[in-house]
Amino acid sequence: MGHWGRSILLGTLVLLLVGSGRTAVADTNWAVTVTIYEVLSLTDSESDGEDFYSKVTISPGTGSGPTTHCDTFDQHVDDDDHIFPEWRCTGQVLGGLDASVNINLEIWDHDDPGSEELLDIHPDEDVELVPMTFRPATQQLLIAMTSGPPVDLGCTKGKVVRFGQHGSDRAQVVFSVTGSLASAPDGDSDHDGLLDNWEICGLDSTGNGSVDVDLPAMGAHPYRQDVFVEIDWMEAADYSHAPWLPALINAWHELRNAPVTHPNVEGEAPPPGIALHVDVGTLYANYDVDFHGDGTPEISVGPDGNFHLDEGGIPDIGNLGALGSGTPGGAMCFRKTQNWRETRRAL
């Protein structure tokens with residue numbers, strides 16, 4: 001998994017220390033959060049810089065609940081054409097798996113009292129704000145257009161960029177829309193340190209729209225606690241610190257039996273316990289363990305190096321492909337043919 005894998009693991013382990021049992025959810029109440037990360041002026045219409053602030057409205061589409069209005073006027077930054085505010089607005093909707101919310105995102109420029117201007121952040125000529133529909137259960141985001149059908153961004157994997165193309169006051173905005181159970185408005189329904197958005201859509205760490213860490217392909221579940229571990233090990237000419245497969249299997253079972261329960265969402269609850277996913281690359285390709293020495297291995301792994309402990313069809317221990325299909329994660333730190341001290345200096 002590399003750097004991102006280690007960051008995910010650290011966050012997960014910290015939150016595991018304070019994890020607790022979850023109660024059932026009958027009629028699912030969803031939380032939806034809009035976060036604005038960046039606003040950039042595209043017109044430079046003011047010599048002393050823009051005075052940006054945002055307005056966000058979140059209202060039920062399919063489902064029921066209150067309408068939420070957020071206004072960051074009191075937090076606005078004066079005389080700056082490029083800001084990184086991290087403004088957040090969270091609303092709720094009560095409904096089933098098809099529940100949705102309608103969102104309006106606006107960026108304003110405050111010059112003098114009574115002279116606020118709505119900046120153009122939409123590509124259509126007759127629209128300045130960004131109107132959207134979002135489904136929290138699937139993380140699907142649609143942006144309304146007057147020039148044609150909505151733009152379906154599908155499962156939102158990270159940050160979204162929109163900018164205006166018409167008028168004298170235009171801006172670019174970078175934002176995200178995430179959903180989770182209302183009991184976890186921070187976006188992490190199972191409290192495992194991994195956002196629902198990452199576990200449903202995959203993690204786009206660069207914001208380019210492509211998945212960098214494909215958590216759902218590696219077995220992540222938004223409503224069951226997951227721990228992802230990448231193991232790298234040292235190996236030299238006369239010794240090896242490669243992990244022993246039976247020890248990892250025991251660790252998998254211990255977490256599986258942990259006294260942790262999870263939300264019941266629309267009548268469906270994941271199995272109890274914590275799901276352990278261990279990335280060791282192809283270490284265990286064609287690996288056999290014969291405990292009794294009778295020639296019949298009790299544990300046998302195929303040529304792909306993947307070992308399955310449940311019925312999910314996704315390996316629990318092996319090559320999880322953390323950085324793309326077929327890309328090994330865990331690996332030897334030092335190969336037998338390398339000099340350890342020279343390798344350490346090179347690092």
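This is a predicted model: local features need pLDDT of at least 70, side-chain atom pairs count only at pLDDT 80 or more; totals for chains, interfaces and linings use all residues.
Start with the largest pocket. Its volume is about 410 Å³. The lining counts 23 residues, and Tyr 37, Ser 176, Thr 178, Leu 195 and Trp 198 lie nearest the centre. Strands E1 (29-41), E5 (87-94) and E12 (171-181) each supply at least two lining residues, as does helix H2 (196-201). By class, the lining has 7 nonpolar, 11 polar and 5 charged residues. Tyr 37 also meets a charge: the charged end of Lys 159 sits over the Tyr 37 ring, 4.6 Å from its centre.

The second largest pocket holds about 270 Å³. It is lined by 19 residues, with Gly 219, Arg 224, Ala 275, His 277 and Asp 310 closest to its centre. Helix H3 (245-256) and strand E15 (275-279) each give two or more residues. E15 gives the most, with 3. Here the classes are 10 nonpolar, 4 polar and 5 charged.

Now the rings. The structure holds 4 aromatic pairs. Tyr 53 and Phe 73 have ring centres 5.1 Å apart and planes at 90 degrees, so they pair edge-to-face. Tyr 53 lies in strand E2 (residues 52-60) and Phe 73 in the loop between E3 (68-71) and E4 (82-83), so the pair ties together parts 20 residues apart in sequence. Tyr 53 is buried at 4% relative accessible area, whereas Phe 73 is partly exposed at 28%. Together with Trp 108, Tyr 53 and Phe 73 form one aromatic cluster. The charged end of Lys 55 sits over the Trp 108 ring, 4.3 Å from its centre.

Notes:
Residues are numbered from 1 along each chain as its sequence is written. Side-chain values use heavy atoms; hydrogens and water are left out. On a 1 Å grid over the protein atoms alone, a cavity is a set of points where a 1.4 Å probe fits but cannot get out, and a pocket is an open set with protein on both sides within 12 Å along at least five of seven lines; lining residues have an atom within 4 Å of a point. Grid points are joined across faces, edges and corners, and a volume is the space filled by probe spheres set on the points. Helices (H or I, at least four residues) and strands (E, at least two) are DSSP runs, numbered from the N terminus. Ala, Val, Leu, Ile, Met, Phe, Trp, Tyr, Cys and Pro count as nonpolar, Asp, Glu, Lys and Arg as charged, and the others, Gly among them, as polar. Rings of Phe, Tyr and Trp (its six-membered ring) pair if their centres lie within 6.5 Å; planes under 30 degrees apart count as stacked, over 60 as edge-to-face and the rest as tilted. Buried means under 20% relative accessible area, exposed over 50%, partly exposed in between (1.4 Å probe, protein chains only). A charge sits over a ring if NZ of Lys or CZ of Arg is within 6 Å of the ring centre and within 35 degrees of the ring normal.
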